[in-house]
Amino acid sequence: MTALLLVGGLALLVVGGEVLVRGASGLARSFGLSPLVVGLTVVAFATSTPELAVTAQASLAGSAGLAVGNVVGSNIANILLVTGIAGLILPLAVQLPVVRRDVPVMIGMSLLLWVLSLDGGVSRIDGLVLLVLLVAYAAWAVLRSRQPPPATALADQESPSSASSGRRPVVVALALVVVGVVMLVIGARWLVDAATDVALALGMSELVVGLTIVAVGTSLPELATSVIAAIRGDVQMAVGNVVGSNIFNIGAVMGISALISPDGVPVEAGALRFDLPVMIAVAAALLPIAFTGFIVKRWEAGLFVAYYAVYVVYLLLNSAGHEALDQFSTVMLLFVLPLTGLTIVLLTTYEIVLRRGRGQPLMDDGTGS
C-alpha cells in the first residue's frame, strides 16, 4: 500500500504540475499579467496549498514541531532543491524585479518570522501581521505588473460576441488551475502520508520529519511546477514560483495556522537556534546568485542541490546522535561554508566591477520602474 501511494502520488504531481502551468499561463495571457507575476502569486499560492493543509492540521493537533518544520523545511527545500533541480535542467534567467524587489521581500519575511518566534512561538497577533503583509505584497505585485491592453483589444472587447468568447479562455484557464491544484494536493498528501509513516516507525522526531520528509513532500508541487515550467521554457514562472511560494508559506501558511490555533504556534528552541537561521541564510544566498548575470547557472544549481543533501545529512546525523556528527560539522564550518561564502563574494564583486566597467547601473533595468 505504501508503494502504491508513493507511485500514485508521484504520477499525480507530474500531471498536476503540467495542468497547473498550462492554466496559469492562460491566466497570464487573459489578464495581461507577466508569467513572472502569475508565478509569484497564483501559482505560488496554489503550490503552497499542501503546506497550508499540513501545517494547519498539525497546529490544531498540537504537533508544533511538524507545523514549524514543514514551513521552514519547505522554504529551504524550495530554494536549494526546487531551484537546484530546475536550474540543472535549464539555466534559469532571473528578471531584475525579482532581484530588486521580490527576493528582498522573501528575505525580510524570513527575518520577521525569526524575530516573531524569539519569544517561543508565533502568536495570533503575529499571525495576523504576517497575513496582512502577505495580502499587501500580493496586491502590490499584481498592480505593478498590469499592462494596459492594446487599442485593438479594447475595440474587440466592446462587442458582446467577442466578450463572451473572451471569457471562455479565462474559464478554461481557471478550470485547469483548479484541477492542477487538486491533483497536486492529493499527490503530495499520498507521498507525505506514506513517507511519514515510514520515518516515524524508524524513530525520527516530529521536527526532523517536518524538516525533511514532510517538507520535501509538500514542496513536490513547487518542484513539479518549476521543473515542468523550465522544460517548457517558462523560466520566469519557475523562479517566480519558488520565491512566491516561500513568501506565501510564511505569510499565509504560518499566519493562518497561528490564527486558527488557540495559543498560536509554538517554536522549538532547536528550530530557533539552527533551522530558522538556515532558512534566512538560504534566502539571502539566492540574492547574489541571482544578481550575478541575472541567471542561475547549472553549476550554481548543482551547488544548491549539494547543499540540500548536506543539510538533510546533518539533520539525520543529529537526530540519530551519530558519532560522525562532530567531524561532519567541523568540515562544514571550517572548510565548505567559508569557501562557498568566499566564492559568492568574489562572484558578486566581479559582477559589480563588470557592470561598472560597462557603464551599467547595478540595479536599473532602464525602464525607470
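Buried means under 20% relative accessible area, with a 1.4 Å probe and protein chains only.

This is a predicted model, where local features need pLDDT of at least 70, side-chain atom pairs count only at pLDDT 80 or more, and totals for chains, interfaces and linings use all residues. Residues are numbered from 1 along each chain as its sequence is written, and side-chain values use heavy atoms, leaving out hydrogens and water.

**Exercise 1.** Find which residues touch the most other members of the largest nonpolar core.

*Solution.* Start with the core itself: it has 71 residues, and Ile76 and Val243 touch the most other members. Next, look at where the members come from. Helix 4 (residues 64–89) gives the largest share, 12 residues; helices here are DSSP runs of H or I, at least four residues, and strands are runs of E, at least two, numbered from the N terminus. Now zoom in on Ile76. Skipping neighbours within four places in sequence, its contacts (heavy atoms within 4.5 Å) include Asp275, Met279 and Tyr311. There's also a second, separate core of 12 residues, with Ala24 and Val177 among them.

**Exercise 2.** Decide whether Thr55 is buried or exposed, and list what it touches.

*Solution.* First place Thr55: it's in helix 3 (residues 49–60). Its relative accessibility is 0%, so Thr55 counts as buried. Beyond four places in sequence, Thr55 touches Ala67, Asn70, Val71, Val253 and Ser257. The C-alpha atoms of Thr55 and Ala67 are 4.4 Å apart, though 12 residues separate them along the chain.

**Exercise 3.** Work out where confidence is lowest in the protein chain.

*Solution.* Begin with the whole chain: mean pLDDT (the predictor's confidence in each residue, from 0 to 100) is 76, and 74% of residues reach 70 or more. Helix 7 (residues 151–157) is lowest, at a mean of 44, while strand 2 (residues 121–122) is highest, at 90. Over residues 149–159, pLDDT stays under 50.

Terms used: Core = buried A, V, L, I, M, F, W, Y, C linked by side-chain atoms within 4.5 Å. Buried < 20%, exposed > 50% of the residue type's maximum accessible area, 1.4 Å probe, protein only.
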